[in-house]
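Subject: Structure handover

Hello,

The structure is below, with the sequence. My notes on what was found follow it.

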Amino acid sequence: MEPFRYHVYVCDQRKAEGAPACSARGSGAVIEALRREIAARGLSDAVQLTTCGSLGLCERGPNLVVYPEGCWYSGVRPEDVKEIVREHFESGRPVARLASGPADALKAEIAGNRSKALAALAARDAAGVVPDEIAGPLRAFMESRVLLTALELDVFTAAGAGATAAAVASAGGSDPGATERLLDALVALGFLEKRAGVFANAPLAARFLARGSRDDARDALKHNLSLWRRWSTLTDAVRAGHAVATSEMADRGGDWTVPFIAAMHRGATERAPQVVRAVGTEGVRLVLDVGGGSGAYSIAFARASEGLHACVLDLPTVLPIAERHVAEAGLTGRITTRVGDLRQDDLGSGYDLVLLSSICHMLGPDGNRDLLARAARALAPGGRVVVSDFVLEDDGTAPRQAVLFSINMLVGTPSGRSYRESEYRSWLTAAGLAGIERVRLPGPAHLLIGRKPSP
């Protein structure tokens, strides 16, 4: 028995620029229109939508196939979607005007296109052309830099619902000609739209990249500007064996701290409820949030348990940001802040839970041994230390995000890196904690939990 009445495969194949492909012909817009219309008509449980690679009719895309009939559609546009959903998915009547053609003709066309594609691949291979798997990552910095410069100049706020290149340049204090080239590049990347010389934000940019938008993420995303500068020193860091251009967080100004904490807050706000559910709040009355940044985790714990109180320990440059978030959450009476340096200060005593979220990767092995020992001493009997961080597999090559983050620590900290589960276990054990367990959460960051034995 089929789990869905219809299963729709839509080609979204990406190819080299200039080569015929459904993606270049607007398959993305068709896919989004299908998702919206299927949901709007209450058919999500009846129609399964799946994107796929080439269906072999590249010059006639966007293409899709509907099963169980095996009905092929070509040249589908977003404005065709309502008709397909209404006639085919609701009424069982395929849309004849969009049909790709007779089966025999389709098979012959697909075979011909496949032969051409294989011949082209063979020619590239024989000529020693650098494959996309190499060229793509090497050139990815171009798109990244275009978007970062747009954020730096606040292009998306200036463009809004429509503005000329001259107007955007005037708002950002940039050269009009160079600004127009930047805006054209953003159109090519899909972040802006251009009509009759007027630029306007595309939907994603309007939602996330303009001041005052519903999900304005500019401050958080600007943290990538400092990452760009640090990652540019990678070659020197690898040669030296350590970061070559670092400064302690306490010495960094607001231009670094505000975007950094904003970036951490966005990630933590999404992840914190998962951590709270995994850790639980039974028996937890007092939490120490070490290096708690924006206070997102303390807020999530306090919301989960009415009798719980938390303390955010962080640097004086960070705590005003945490205090603002705590006040906005209406939890000022239950979440306090304390100035402290997690690298050396005594952490106090009597806590039921000490949380170290995204902290250990900043420190070297010796620093983590010391920090976890101080965290264990801060616990009440039966209390727990919870480490939330990237955890490498034993061979150090996965998960991919954790491996790349270890490089981020190489260029950005004196001795930080991503660590293996065995390393965390050894430090927690040395701190006198028992019952150590690893809790796997979605994504590359997991939990390591150790409990202080009761007398």
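**Serine 388**

Serine 388 counts as buried, at 2% relative accessibility (buried means under 20% relative accessible area, exposed over 50%, partly exposed in between, with a 1.4 Å probe and protein chains only). This is a predicted model, in which local features need pLDDT of at least 70 and side-chain atom pairs count only at pLDDT 80 or more, while totals for chains, interfaces and linings use all residues. Residues are numbered from 1 along each chain as its sequence is written, and side-chain values use heavy atoms, with hydrogens and water left out.

Serine 388 belongs to strand 11 (residues 379-392); helices (H or I, at least four residues) and strands (E, at least two) are DSSP runs, numbered from the N terminus. Its side chain makes a polar contact of 3.1 Å with that of arginine 271. A polar contact is a pair of N or O atoms within 3.5 Å; within protein, one must be able to donate a hydrogen and the other to accept it, and residues adjacent in sequence count only if both atoms are side-chain atoms.

**Aspartate 12**

Aspartate 12 sits in the loop between strand 1 (6-11) and helix 1 (27-40). At 19% relative accessibility, aspartate 12 also counts as buried. Its side chain and that of serine 27 are joined by a polar contact of 2.6 Å. Beyond residues up to four places away in sequence, aspartate 12 touches Ser23, Ser27, Gly28, Ile31, Thr51 and Cys52 (contact means heavy atoms within 4.5 Å).

**Helices 6 and 7**

In helix 6, Ala165, Val168 and Ala169 meet Pro176, Thr179, Glu180 and Leu183 of helix 7.

Regards
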